[in-house]
Every structure is written in C-alpha cells, then in structure tokens.
Amino acid sequence: MVASAEARCIYIVLSRTNTGIGRLVRLFLRGSRYNHVSAALDGRLFPLYSFSRARKDSPFSGRFVQEYPSRYLATGGNVDIKVFRVPLAAQEYSDALARLDYCRAHREEMLYNLFDAILLPFHRRYPLADAYTCLAFCTCLLGMEDISSIRMLEERLAPHLIYEGDLRSIIPYDKTTAAEAEERAYFERRGRMAAVRDFFALCRGLWARRAGL
C-alpha cells in the first residue's frame, strides 16, 4: 500500500534534556536551547527513534535507541520540547523508512558517533559507517545531511512547527504503568565501573570503524 501525501510525514522532536550531558551540550552549542533530537513516524511520538545512551547511569552507552515518555517523565520529571511535522515526497519517505528499518535490523552494530559529537561545536563533521549522533541520524532520515547543528535544523524546520512546550502536556505519564522492556533496562543501575567499560567499548568500536575493520 502506498502512503498518502497526508501520511508521508516524519515527526522531529527537539528536547531540552535534564541530564548532565545535556547541560554540557547546551553549554557548548549556544545556538539552541535544545540538545537532543529524535524522530517518530506519527504524532503519538511513541516510540521515538534516536541515537543516545542505552542506560541512564552510563552516558557513553551510546547506540540506536527507541525512546519512550517514561525516559523523561519518570520520578515527576519533565522536559521542554519542540515538535515538527515534516512532509516528505513519496521517494523521500520511502528512503527514510528504509534507513530506519536498516538501523532497527542492525541495532546491535550501531554506535553513537562520539567523534562527530565532539566536532559539532566547531561546525565540522566526522562521518563513520553505522555511527551517528542524534542530529546526524535525524537529518539522515530527512535527507538533510548538510545540516551541521541543532540550530540549523530548528531554522530549516520552522515552517513545520506544530508544538512547543513541555512533554507532559501532550503525553501524560502514568507512573503506575509498566515501562516498555527497553526502558526498564534504561533505568537499571550498573555502577560507575560499568559506565567506564561502556566508554572504552564505544571508543574501541569507533576506532575500528575509522580503520575500516
């Protein structure tokens, strides 16, 4: 079945996360008040797709992830967001779904591109195979790989803005509802040594990609 023009949309969500890494990103990327980018296939924003940490207590456990509201709204938390509904041509939408399907099928091999993230404040990029930042992933879905900052993405998508405010106002979160299995893993605490191991594993994986291994 061919998707109608009305249905051929990707929802892009910019969020101002309340993590230490999020605050650090905003410190260096002063052009926008947001530090994280996610994508969804419909207006429920459930789930969201991005490249981010897989565990809350391990900032460098980065990979392709599915995010759910519980990640941000647990323990009474909240985040400010901007939501854009981006219409795509038939081929553009097909390409976006193919890229997303590829990431889902190869999720165990996907890495967060820490090298690219480090260079973002200098408006430079460091592309690697099957490794993305949240920004690089979402701009890849949209076919907008020329965008090099969240601020540029925000400006490019401005005509498609449909919501600006806090997440809880559009997705009420019932804390008694069991989180998705992946989100339960996100909240598990494994300790600092596990976080250190995640960091070195990520760096080894990225160096291997850089060497073409």
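Trainee: Buried means under 20% relative accessible area, and exposed means over 50%. With that in hand, how many of the residues of H5 are buried?

Mentor: This is a predicted model, to start with. Nine of the nine residues of H5 are buried, so the rest of the structure largely encloses this helix.

Trainee: Which residues are they?

Mentor: Cys134, Leu135, Ala136, Phe137, Cys138, Thr139, Cys140, Leu141 and Leu142.

Trainee: What follows H5?

Mentor: Gly143 does, and its phi is positive, near 70°.

Trainee: Zoom out for me. How many helices and strands are there in the chain?

Mentor: The chain has nine helices and eight strands. Of its 213 residues, 45% are buried.

Trainee: And among contacts between residues at least 6 apart in sequence, what share joins residues at least 24 apart?

Mentor: The share is 68%.

Trainee: Which residues make a nonpolar surface patch?

Mentor: Met193, Val196 and Phe200 make one of about 300 Å². Take Val196 as an example. Val196 sits in helix H9. Its relative accessible area is 37%, which puts Val196 in the partly exposed class.

Trainee: Switching to H3. How far does H3 reach from its first C-alpha to its last?

Mentor: Helix H3 runs over residues 90-105, 16 residues in total, and reaches 22 Å. That is close to the 22 Å expected at 1.5 Å a residue.

Trainee: Which residues in H3 are buried?

Mentor: Tyr93, Ala96, Leu100 and Cys103. Down the axis of H3, these buried residues fall within an arc of 85°, so they line one face of the helix.

Trainee: What do the buried residues of H3 pack against?

Mentor: They pack against S1, S3, strand S4 (58-67) and helix H5 (134-142). That brings us back to H5, the helix with nine of nine residues buried.

Trainee: And which exposed residues are on the face turned away from the buried side of H3?

Mentor: Gln91 and Ala105 are carried there.

Trainee: S1 came up. Is Ser15 in that strand buried or exposed?

Mentor: Ser15 lies in strand S1, residues 9-16. Ser15 is buried, at 3% relative accessibility.

Trainee: What is Ser15 in contact with, leaving aside neighbours within four places in sequence?

Mentor: Tyr34, Asn35, His36, Tyr72, Asp80 and Ile81.

Trainee: Let's do charges. How many salt bridges are there?

Mentor: Eleven salt bridges. As background, side chains of opposite charge can pair when their charged atoms come close.

Trainee: You named Asp80 as a contact of Ser15. Which side chain meets Asp80 in a salt bridge?

Mentor: Arg33, at 3.5 Å from N to O. Asp80 is in strand S5 (residues 80-87) and Arg33 is in the loop between helix H1 (20-28) and strand S2 (36-40), so the pair ties together parts 47 residues apart in sequence.

Trainee: Next one. How far is it from N to O between Glu188 and Arg55?

Mentor: 3.0 Å, in a salt bridge between the two side chains. Glu188 is in the loop between helix H8 (181-187) and helix H9 (192-210), and Arg55 is in strand S3 (residues 48-55), so this pair ties together parts 133 residues apart in sequence.

Trainee: Is Arg55 buried or exposed?

Mentor: Arg55 counts as buried, at 19% relative accessibility. The cut-off is under 20%.

Trainee: Now H6. Which side chain meets Glu154 in a salt bridge?

Mentor: Arg151, at 3.6 Å from N to O. Both lie in helix H6 (residues 150-156), three residues apart, about one turn of the helix.

Trainee: And is Glu154 buried or exposed?

Mentor: Glu154 is buried, with a relative accessible area of 8%. Arg151 is partly exposed, at 36%.

Trainee: Which residues are linked with Arg151 and Glu154 in a network of salt bridges?

Mentor: Lys82 and Glu155 are linked with them in that network.

Technical notes. Residues numbered from 1 in each chain as written. Predicted model: local features only at pLDDT ≥ 70, side-chain atom pairs only at ≥ 80, totals over all residues. Heavy atoms only, no water. Salt bridge = Lys/Arg side-chain N within 4 Å of Asp/Glu carboxyl O. Helix = DSSP H or I, 4+ residues; strand = E, 2+ residues; numbered from the N terminus. Buried < 20%, exposed > 50% of the residue type's maximum accessible area, 1.4 Å probe, protein only. Contact = heavy atoms within 4.5 Å. Patch = residues over 30% accessible without salt bridge, like charges linked within 9 Å, V, L, I, M, F, W, Y side chains within 5 Å. Areas by Shrake-Rupley, 256 points an atom, 1.4 Å probe, with all protein chains shown as cover. Expected span 1.5 Å × (residues − 1). Arc of directions from axis to C-beta.
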